[in-house]
Amino acid sequence: MSSVKKVVLAYSGGLDTSIIIPWLKENYGGAEVVAFCGDVGQGDDYEAVKAKALKTGASKCIVRDLREEFVRDYCYKALAAGAVYEDRYLLGTALARPLLAYHQAQVALEEREDALDYAAKHGVPVEQSRKDLFSRDGNLWHLSHEGGNLEDVWDAPQKGMFKLTVDPLDAPDQPQLVTLAFEQGVPVSLDGKRLGPVEMVETLNRVAGAHGVGRLDLVENRLVGIKSRGVYETPAGTVLHIAHRELERLVLDRDTLHYKQSVSVRYAQLVYDGLWFSTLREALAAFVDETEKEVTGEVRLRLYKGTAEAVGRRSPRSLYRQDLATFGEGMAYDHKDAEGFIRLFGLPERVRALTRDRVTVDVKAVEITKPIAHPAPAKK
């Protein structure tokens, strides 16, 4: 340990990173600690963060604004991939980690004693108390809550714990309609107003959060094999994912859409496991980029009491044809066309039925348009 001369610490100013600065200096022979703070939309007072880092022993604190890069190159990429871990988690923390790691030379985050006791012993100012032990991680994409009473999976989340969303029961009694526009899979405007990545997410967080949209209480499977419980608030991400998914249903053909759904599952798992820079994730991203060339259009959503529901969609690349979908007159194909299709589509199952019953027949001699008579079971 004494050979370590300088440490670059991923620093947030919260409980863990605040107590780790004096801990590193104490346990690494007085090594210099440089605090690194990446702004991914936590909403912190970074002058106060810098002052706190210096007060607790850092030689300096470097802050970089990574918000635009975070949304553009990470959140929107995951959105395009439809990446949702275990069908529900929108990967807020997992998306920020590779970006922060990319912008720092070395991370040193370890804990030896109880954090609150250590902080008290060394005079480190922290916001947590014995009554509020929630561990939170926030960025533009989401805010996560862990610990405290949430460690008992039978306990409901405390009402006052939430920061980005109102309780759906307290949300407005009137729904709100919003229209999102996408260009090649990228959100570009809200209600006709073009917005950059950061402004888009910030605006949707406010609008959707006011209607209680984006809450998630999840028991998830961690990479190391344990289960953990997290409560997440992702207002903007929830709305964007729903809109993007509905637009894809309109513009992607059946085979591509179904295959992309399987890609989304694997993509989400790679991100969750910290493998953003892996060859497989980059290869899957190339497939996603090709599909997103079609994803241009608009989706109208209704926000109401904790829900976001698509109620309209349109696209110049739409594969939906009313003359094909209608059940009335004027269809683009003849009903008689269905007879031959059904006959050929069912042929493999008819042949399978013959072989399954172990009946020796000449398949060519069977009239496959008629029901196949199966022999009665042998009497015992």
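Biologist: What share of the residues of the protein chain count as buried?

Modeller: Buried means under 20% relative accessible area, exposed over 50%, and partly exposed in between, with a 1.4 Å probe and protein chains only. Of the 380 residues of the protein chain, 41% count as buried. This is a predicted model, in which local features need pLDDT of at least 70 and side-chain atom pairs count only at pLDDT 80 or more, while totals for chains, interfaces and linings use all residues. Residues are numbered from 1 along each chain as its sequence is written, and side-chain values use heavy atoms, with hydrogens and water left out.

Biologist: How many helices and strands are there in the protein chain?

Modeller: Helices (H or I, at least four residues) and strands (E, at least two) are DSSP runs, numbered from the N terminus. The protein chain has twelve helices and twelve strands.

Biologist: Among contacts between residues at least 6 apart in sequence, what share join residues at least 24 apart?

Modeller: Contact means heavy atoms within 4.5 Å. In the protein chain, 71% of the contacts between residues at least 6 apart in sequence join residues at least 24 apart.

Biologist: Which residues have the most contacts inside the largest nonpolar core?

Modeller: In soluble globular proteins, nonpolar side chains tend to be buried together. A nonpolar core is a set of buried Ala, Val, Leu, Ile, Met, Phe, Trp, Tyr and Cys residues joined through side-chain atoms within 4.5 Å. The largest one here has 62 residues, and F70, L91, L95, L180 and V239 have the most contacts inside it. Helix 3 gives the most to this core, with nine residues. Apart from it lies another core of 17 residues, among them Y11, A35, C37 and A58.

Biologist: What does L180 touch?

Modeller: Not counting residues up to four places away in sequence, L180 touches residues including S189, M200, V239, L240 and V299.

Biologist: At what angle do helix 3 and helix 4 pack?

Modeller: Axes are lines fitted to C-alpha atoms, for helices over the stretch in contact, and angles run from 0 to 180 degrees between N-to-C directions. Helix 3 (residues 67-81) and helix 4 (residues 92-102) pack at about 130 degrees, their axes 10 Å apart. Angles under 35 degrees count as roughly parallel, over 145 as roughly antiparallel, 65 to 115 as roughly perpendicular and the rest as oblique. Helix 3 and helix 4 are therefore oblique to each other. In this contact, E69, F70, Y74, C75 and A78 of helix 3 meet G92, L95, A96, P98 and L99 of helix 4.

Biologist: Is G92 buried or exposed?

Modeller: G92 counts as buried, because its relative accessibility is 1%. This residue lies in helix 4. Leaving aside neighbours within four places in sequence, G92 is in contact with F70, N139, W141 and H142. G92 and E233 are 141 residues apart in sequence, yet 9.4 Å apart in space, C-alpha to C-alpha.

Biologist: Where do helix 3 and helix 7 stand relative to each other?

Modeller: The axes of helix 3 and helix 7 (residues 235-251) come within 9 Å and cross at roughly 40 degrees. This pair is therefore oblique as well. Y76, A78, L79 and A80 of helix 3 make the contact with L240, H241, H244 and E248 of helix 7.

Biologist: Which residues does L218 contact?

Modeller: L218 lies in strand 9 (residues 215-221) and is buried, with a relative accessible area of 6%. Beyond its neighbours within four places in sequence, L218 is in contact with R88, Y89, S228, R229, G230 and Y232.
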